[in-house]
Amino acid sequence: MHTLKIALEVIVVLLSLLLTMLILMHKGKGGGLSDMFGGGITQNAGTSGVAEKNLNRITVTVALVWVALIIALDFMAKYHVG
């Protein structure tokens, strides 16, 4: 069971990196750091294409899996499993 805990921890780290990259790929909504780096110049706030919607779905799915794994690791630590 110890290898299961290590495997879950490695998956959490990988999902954390993936989630960071997915969040950074989103278009800026204006008025924040995205404008500082040039995001406000080419941005059209009224459009949200299929790619942005798919990116949103993927980001939410990865975030939910990440949270579920964090909770699972917490229960494993609490009840001394693995």
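# Notebook: a predicted chain and its helices

**Entry 1, aromatic rings.** I searched the whole structure for aromatic pairs and found one. F75 and Y79 form this pair, which is stacked, with 6.2 Å centre to centre and 10° between the planes. I counted rings of Phe, Tyr and Trp (its six-membered ring) as a pair if their centres lie within 6.5 Å; planes under 30 degrees apart count as stacked, over 60 as edge-to-face and the rest as tilted. I then looked up the accessibility of the two partners. F75 counts as partly exposed, at 43% relative accessibility. Y79 is exposed, with a relative accessible area of 53%. I took buried as under 20% relative accessible area, exposed as over 50% and partly exposed as in between (1.4 Å probe, protein chains only).

Residues are numbered from 1 along each chain as its sequence is written, and side-chain values use heavy atoms, with hydrogens and water left out.

**Entry 3, the chain overall.** I listed the secondary structure and got three helices and zero strands. Along the sequence the pattern reads α-α-α. Helices (H or I, at least four residues) and strands (E, at least two) are DSSP runs, numbered from the N terminus. Of the 82 residues in the protein chain, buried ones make up 15%. The chain exposes about 6100 Å², and carbon and sulfur atoms supply 73% of that. These areas come from the Shrake-Rupley method with a 1.4 Å probe; for residues, only the protein chains shown count as cover. I also checked contacts with a separation of 6 or more: residues 24 or more positions apart account for 78% of them. Contact means heavy atoms within 4.5 Å.

I checked the length of α1 and found 24 residues, with 35 Å from its first C-alpha to its last, close to the 34 Å expected at 1.5 Å a residue. The expected span of a helix is 1.5 Å times one less than its number of residues. Its buried residues are L8, V12, L15, L19 and L22. What covers them includes α3.

The buried residues of α3 are E52, L55, T59, V62, L69, L73 and M76. They pack against α1. After α3 comes H80, whose phi is positive, near 55°.

Which residues make up the largest nonpolar core? I found ten: L8, V12, L15, L19, L22, L55, V62, L69, L73 and M76. Both α1 (2-25) and α3 (50-78) supply at least two residues each to this core. A nonpolar core is a set of buried Ala, Val, Leu, Ile, Met, Phe, Trp, Tyr and Cys residues joined through side-chain atoms within 4.5 Å.

I began with V12, which lies in helix α1. V12 is buried, with a relative accessible area of 10%. The C-alpha atoms of V12 and L73 are separated by 9.5 Å, although the two are 61 residues apart along the chain.

T59 is found in helix α3 and counts as buried at 10% relative accessibility.

Is E52 buried or exposed? E52, found in helix α3, is buried, with a relative accessible area of 9%.

I looked up the UniProt annotation "transmembrane region", from an unreviewed entry, and it covers residues 6-25 and 58-77. UniProt positions are given in the numbering used here, feature names are shortened, and annotations may be inferred rather than shown by experiment. In the model, residues 6-25 are 100% helix and 0% strand, with their end C-alpha atoms 29 Å apart. For residues 58-77 I found 100% helix and 0% strand, and end C-alpha atoms that lie 29 Å apart.

How values were computed
Predicted model: local features only at pLDDT ≥ 70, side-chain atom pairs only at ≥ 80, totals over all residues.
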